[in-house]
Amino acid sequence: MQLQFVGCGDAFGSGGRFNTCFHVTGERTNFLIDCGASSLIAMKKLGIGRNDIQAIFVTHFHADHFGGLPFFILDAQFFSKRTEPLLIAGPPGLPDWFVRVMETGFPGSAKTKQRFDLQLRELEAGMQADFGNVKVTPFLVRHGQPEGSFFALRLELGKRIVTYTGDTEWTDTLVAAAKGADLLIAEAYFRRKPVPLHLDLATLENHLPAICAKRVILTHMSEDMLAERPTVNFETAEDGLIVQI
């Protein structure tokens, strides 16, 4: 099983990186974690078969994590000619936010019936949801308003566990979300400067002994954090990077 960083950038394209989108594939598994505004471009650049993607798991509704859905859906409808079902799962309010993002991007598109079965499923914090070979447990994190619509995701893929912090300032729910994970993908917006609603590396480092993740890769880095990479003793994400899980 492998994970490819389709995009690992922040909202502002720091370092010329695409918005957040991770592609996980295995023998019977094929899904995205988040689908930021530039994700379709990045997927086409990497040659990813969009019709093979079974599900998209969303951490929150900010455009750099959710804004790529109109492009993905309309590409599926009119160009890649998708016929297989697609599941989108995310925080409470997903159906309303889906209409918003579609209508903002392409007015009238939310009323268009897809040629494929599209299922929208709201996740409940702390409750594991089964999606075939993937078990997803969302944990509430802190990244703004409305509260309750920002998740870290713990994904169980057979015997493997992948956790993604999403965007958040430090909260103790991250310990439960990432405990013993085979791979923890963690936001590191700054190295030492704590700011509201985002995670800095120094704070993360202080809590890693309690998390005991086997592997940590940093993502969603600002220009300041990207400049610090040569002196950081952690793996850092790159657009297109493939890691084995």
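Two residues are in contact when heavy atoms of the two lie within 4.5 Å. In this predicted model, Gly90, a residue of strand β5 (residues 86-90), touches Val58, Arg121, Glu122, Leu123 and Phe151, leaving aside residues up to four places away in sequence. Gly90 has a relative accessibility of 0% and therefore counts as buried, since buried means under 20% relative accessible area.

Strand β7 pairs with strand β8 (residues 134-140) in the antiparallel sense, over three bridges, and Phe131 has Val134 in β8 as its bridge partner.

Turning to the helices, the axes of α3 and α4 come within 8 Å and cross at roughly 80°, which means that α3 is roughly perpendicular to α4. The residues of this contact divide into seven nonpolar, no polar and no charged, and they are set out by helix below.

| Helix | Residue range | Residues in the α3 and α4 contact |
|---|---|---|
| α3 | residues 69-78 | Leu69, Pro70, Ile73 and Leu74 |
| α4 | residues 94-105 | Phe98, Val101 and Met102 |

Note on methods: Residues are numbered from 1 along each chain as its sequence is written. This is a predicted model: local features need pLDDT of at least 70, side-chain atom pairs count only at pLDDT 80 or more; totals for chains, interfaces and linings use all residues. Side-chain values use heavy atoms; hydrogens and water are left out. Helices (H or I, at least four residues) and strands (E, at least two) are DSSP runs, numbered from the N terminus. Buried means under 20% relative accessible area, exposed over 50%, partly exposed in between (1.4 Å probe, protein chains only). Two strands pair if DSSP finds at least two bridges between them. Axes are lines fitted to C-alpha atoms, for helices over the stretch in contact, and angles run from 0 to 180 degrees between N-to-C directions. Angles under 35 degrees count as roughly parallel, over 145 as roughly antiparallel, 65 to 115 as roughly perpendicular and the rest as oblique. Ala, Val, Leu, Ile, Met, Phe, Trp, Tyr, Cys and Pro count as nonpolar, Asp, Glu, Lys and Arg as charged, and the others, Gly among them, as polar.
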